[in-house]
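Please take a moment to look over the structure shown below before reading on. The briefing is meant to be read beside it, one topic at a time.

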Amino acid sequence: KLIPIILLLGAHLMPAEKETIVLGAGCFWCVDAVYERIDGVIDVEAGYANGHTEHPTYKEVCTGNTDHAEVVKIEYDESVITYDQILNIFFENHDPTQLNRQGVDIGTQYRSSIFYNNENQKFESEQKLNSLQGDYNNNIVTEIKKATEFYLAEEYHQQYVAKGGICHF
(Lines give C-alpha, C1' and ligand atoms only; values in the text may rest on other atoms or scores of the structure.)
Protein backbone atom coordinates (compact mmCIF):
# COMPACT_ATOMS: atom_id res chain seq x y z
CA LYS A 1 0.00 0.00 0.00
CA LEU A 2 2.96 2.33 0.33
CA ILE A 3 4.03 1.93 -3.29
CA PRO A 4 1.23 4.08 -4.77
CA ILE A 5 2.02 6.84 -2.32
CA ILE A 6 5.71 6.73 -3.22
CA LEU A 7 4.88 6.78 -6.92
CA LEU A 8 2.52 9.70 -6.42
CA LEU A 9 5.16 11.63 -4.51
CA GLY A 10 7.73 10.76 -7.15
CA ALA A 11 5.56 12.35 -9.84
CA HIS A 12 5.88 15.71 -8.10
CA LEU A 13 9.64 15.38 -8.03
CA MET A 14 9.90 15.30 -11.82
CA PRO A 15 12.29 17.99 -13.06
CA ALA A 16 10.78 20.98 -14.82
CA GLU A 17 10.90 21.05 -18.61
CA LYS A 18 12.98 24.23 -18.73
CA GLU A 19 13.23 26.37 -21.84
CA THR A 20 14.57 29.86 -22.35
CA ILE A 21 13.73 32.66 -24.75
CA VAL A 22 15.04 36.21 -25.08
CA LEU A 23 12.49 38.92 -25.85
CA GLY A 24 12.76 42.65 -26.46
CA ALA A 25 9.60 44.73 -26.13
CA GLY A 26 10.83 48.17 -25.19
CA CYS A 27 12.10 49.01 -21.74
CA PHE A 28 13.16 45.83 -19.97
CA TRP A 29 11.77 47.15 -16.68
CA CYS A 30 8.22 46.82 -18.03
CA VAL A 31 8.76 43.45 -19.71
CA ASP A 32 10.40 42.03 -16.58
CA ALA A 33 7.45 43.18 -14.47
CA VAL A 34 4.95 41.35 -16.69
CA TYR A 35 6.72 37.99 -16.88
CA GLU A 36 7.69 37.90 -13.19
CA ARG A 37 3.97 37.42 -12.42
CA ILE A 38 3.28 34.55 -14.81
CA ASP A 39 2.74 30.99 -13.57
CA GLY A 40 5.32 28.68 -15.10
CA VAL A 41 7.97 31.38 -15.45
CA ILE A 42 10.94 30.27 -13.40
CA ASP A 43 13.26 33.24 -13.81
CA VAL A 44 13.43 36.57 -15.64
CA GLU A 45 16.67 38.50 -16.13
CA ALA A 46 16.98 41.95 -17.66
CA GLY A 47 19.86 42.35 -20.05
CA TYR A 48 21.22 43.22 -23.47
CA ALA A 49 21.28 40.99 -26.54
CA ASN A 50 22.40 40.75 -30.14
CA GLY A 51 24.79 43.66 -30.25
CA HIS A 52 28.47 43.86 -31.11
CA THR A 53 30.02 45.21 -27.89
CA GLU A 54 31.15 42.74 -25.24
CA HIS A 55 29.75 43.32 -21.74
CA PRO A 56 27.98 46.60 -22.55
CA THR A 57 26.78 48.93 -19.83
CA TYR A 58 23.37 50.56 -19.71
CA LYS A 59 24.96 53.89 -20.58
CA GLU A 60 26.64 52.37 -23.66
CA VAL A 61 23.47 50.63 -24.85
CA CYS A 62 21.49 53.88 -24.49
CA THR A 63 23.79 55.59 -27.01
CA GLY A 64 22.51 53.22 -29.70
CA ASN A 65 26.09 52.50 -30.78
CA THR A 66 26.31 48.92 -29.48
CA ASP A 67 23.34 47.56 -31.51
CA HIS A 68 22.04 45.74 -28.43
CA ALA A 69 18.36 45.47 -27.62
CA GLU A 70 17.10 45.84 -24.07
CA VAL A 71 15.70 42.38 -23.42
CA VAL A 72 14.58 39.90 -20.84
CA LYS A 73 15.78 36.33 -20.77
CA ILE A 74 12.89 34.19 -19.63
CA GLU A 75 13.35 30.71 -18.23
CA TYR A 76 10.06 28.85 -18.09
CA ASP A 77 8.60 25.42 -17.42
CA GLU A 78 7.02 24.07 -20.61
CA SER A 79 4.87 21.68 -18.62
CA VAL A 80 3.13 24.75 -17.11
CA ILE A 81 3.26 27.40 -19.84
CA THR A 82 3.83 26.92 -23.55
CA TYR A 83 6.06 28.88 -25.89
CA ASP A 84 2.92 30.05 -27.69
CA GLN A 85 1.55 31.43 -24.42
CA ILE A 86 4.85 33.23 -23.78
CA LEU A 87 4.51 34.81 -27.24
CA ASN A 88 0.87 35.77 -26.63
CA ILE A 89 1.92 37.68 -23.51
CA PHE A 90 4.75 39.31 -25.48
CA PHE A 91 2.45 40.60 -28.23
CA GLU A 92 -0.31 41.65 -25.81
CA ASN A 93 2.04 43.81 -23.73
CA HIS A 94 3.72 46.03 -26.29
CA ASP A 95 3.09 47.57 -29.70
CA PRO A 96 4.96 45.42 -32.23
CA THR A 97 4.28 47.94 -35.01
CA GLN A 98 6.52 50.65 -33.54
CA LEU A 99 9.96 50.63 -35.10
CA ASN A 100 12.78 51.21 -32.58
CA ARG A 101 10.53 52.55 -29.87
CA GLN A 102 7.87 51.81 -27.31
CA GLY A 103 5.85 54.80 -26.16
CA VAL A 104 8.21 57.52 -24.94
CA ASP A 105 11.26 55.24 -25.16
CA ILE A 106 12.95 55.85 -28.51
CA GLY A 107 16.05 54.14 -29.92
CA THR A 108 17.16 50.91 -31.52
CA GLN A 109 17.64 49.37 -28.06
CA TYR A 110 13.84 49.44 -27.62
CA ARG A 111 13.07 47.45 -30.77
CA SER A 112 10.53 44.66 -30.75
CA SER A 113 12.57 41.44 -30.92
CA ILE A 114 12.35 37.71 -30.53
CA PHE A 115 15.73 36.05 -30.19
CA TYR A 116 15.18 32.32 -30.62
CA ASN A 117 17.37 29.50 -29.34
CA ASN A 118 16.36 26.71 -31.71
CA GLU A 119 14.60 26.06 -35.00
CA ASN A 120 11.32 25.16 -33.30
CA GLN A 121 11.22 28.54 -31.55
CA LYS A 122 12.05 30.24 -34.85
CA PHE A 123 9.23 28.42 -36.64
CA GLU A 124 6.67 29.09 -33.89
CA SER A 125 7.70 32.76 -33.71
CA GLU A 126 7.29 33.20 -37.47
CA GLN A 127 3.92 31.42 -37.38
CA LYS A 128 2.70 33.64 -34.53
CA LEU A 129 3.86 36.84 -36.22
CA ASN A 130 2.19 35.84 -39.51
CA SER A 131 -1.06 34.94 -37.73
CA LEU A 132 -1.20 38.37 -36.03
CA GLN A 133 -0.26 40.52 -39.04
CA GLY A 134 -3.89 41.38 -39.85
CA ASP A 135 -4.74 42.29 -36.24
CA TYR A 136 -2.94 45.64 -36.40
CA ASN A 137 -3.49 48.80 -38.45
CA ASN A 138 0.23 48.90 -39.28
CA ASN A 139 2.70 46.16 -40.17
CA ILE A 140 4.38 44.26 -37.36
CA VAL A 141 8.09 45.16 -37.28
CA THR A 142 9.17 42.61 -34.68
CA GLU A 143 12.51 41.11 -35.65
CA ILE A 144 13.02 37.37 -35.31
CA LYS A 145 16.69 36.47 -35.07
CA LYS A 146 18.93 33.76 -33.67
CA ALA A 147 19.96 34.59 -30.13
CA THR A 148 23.59 35.52 -29.74
CA GLU A 149 25.35 36.62 -26.58
CA PHE A 150 23.14 37.75 -23.69
CA TYR A 151 24.66 40.15 -21.19
CA LEU A 152 23.04 40.56 -17.79
CA ALA A 153 22.09 44.17 -17.06
CA GLU A 154 23.32 45.91 -13.94
CA GLU A 155 21.76 44.75 -10.66
CA TYR A 156 19.58 47.84 -10.21
CA HIS A 157 17.72 46.91 -13.42
CA GLN A 158 16.76 43.45 -12.13
CA GLN A 159 13.15 43.29 -10.90
CA TYR A 160 13.12 47.09 -11.10
CA VAL A 161 9.34 47.52 -10.74
CA ALA A 162 9.16 45.00 -7.88
CA LYS A 163 11.77 47.11 -6.07
CA GLY A 164 9.48 50.17 -6.37
CA GLY A 165 10.61 51.56 -9.70
CA ILE A 166 8.14 52.89 -12.23
CA CYS A 167 7.52 51.55 -15.71
CA HIS A 168 6.57 54.40 -18.06
CA PHE A 169 4.81 52.32 -20.71
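Predicted model: local features only at pLDDT ≥ 70, side-chain atom pairs only at ≥ 80, totals over all residues.

Residues are numbered from 1 along each chain as its sequence is written, and side-chain values use heavy atoms, with hydrogens and water left out. The protein chain has five helices and eight strands, where helices (H or I, at least four residues) and strands (E, at least two) are DSSP runs numbered from the N terminus. Along the sequence these elements follow the pattern α-β-α-β-α-β-α-β-β-β-α-β-β.

**The chain as a whole**

- Of the 169 residues in the protein chain, 41% are buried; here buried means under 20% relative accessible area, exposed means over 50%, and partly exposed lies in between, with a 1.4 Å probe and protein chains only.
- Among contacts between residues at least 6 apart in sequence, 76% join residues that are at least 24 apart, a contact being heavy atoms within 4.5 Å.

- Six strands form an open sheet with mixed pairing, in the order 7-6-1-3-2-8.
- Strand 7 (143–146) and strand 8 (150–152) stand at the edges, and because each has a single partner strand, one side of each is left without a neighbour in the sheet.
- Neighbouring strands of this sheet are turned against each other by 35° on average, direction ignored; axes are lines fitted to C-alpha atoms, for helices over the stretch in contact, and angles run from 0 to 180 degrees between N-to-C directions.
- Strand 1 (residues 18–25) runs antiparallel to strand 3 (residues 69–77), to which six bridges join it, and E19 has Y76 in strand 3 as its bridge partner.
- Strand 1 also pairs with strand 6 (residues 112–116), again in the antiparallel sense and over four bridges, with F115 in strand 6 as the bridge partner of V22.
- Strand 6 and strand 7, in turn, pair in the parallel sense over four bridges, and Y116 stands opposite K146 in strand 7.

**Helices and their surroundings**

- Helix 5 (residues 119–132) lies across strand 1, strand 3, strand 6 and strand 7, and runs at about 150° to strand 6.
- Two packed helices are described by the angle between their axes and the distance between the axes.
- Helix 4 and helix 5 pack with their axes 11 Å apart and at an angle of about 45°, which makes helix 4 oblique to helix 5; angles under 35 degrees count as roughly parallel, over 145 as roughly antiparallel, 65 to 115 as roughly perpendicular, and the rest as oblique.
- On the helix 4 side of this contact are Y83, D84, L87, N88 and F91, which meet Q121, E124, S125, K128 and L132 in helix 5.
- The buried residues of helix 4 are Y83, I86, L87, I89, F90 and F91, and what covers them includes strand 1, helix 2 (28–35), strand 2 (41–49), strand 3, strand 6 and helix 5.
- Helix 2 is largely enclosed by the rest of the structure, because seven of its eight residues are buried, namely F28, W29, C30, V31, D32, A33 and Y35.
- The cover over these buried residues of helix 2 includes strand 1, strand 2, helix 3, strand 3 and helix 4.

**Residues in the loops**

- Most residues other than glycine have a negative phi, and most peptide bonds are trans.
- D67, in the loop between helix 3 (58–62) and strand 3, is a residue other than glycine with a positive phi, near 70°, and D67 is partly exposed at a relative accessible area of 41%.
- N100, in the loop between helix 4 (83–92) and strand 4 (101–102), has a positive phi of about 55° although it is not a glycine, and N100 counts as partly exposed at 23% relative accessibility.
- T108, found in the loop between strand 5 (105–106) and strand 6, is partly exposed with a relative accessible area of 31%.
- Leaving aside neighbours within four places in sequence, T108 is in contact with G64, H68 and N100.
- T108 and T66 are 42 residues apart in sequence, and their C-alpha atoms are 9.6 Å apart in space.

Key: Pairing = 2+ DSSP bridges.
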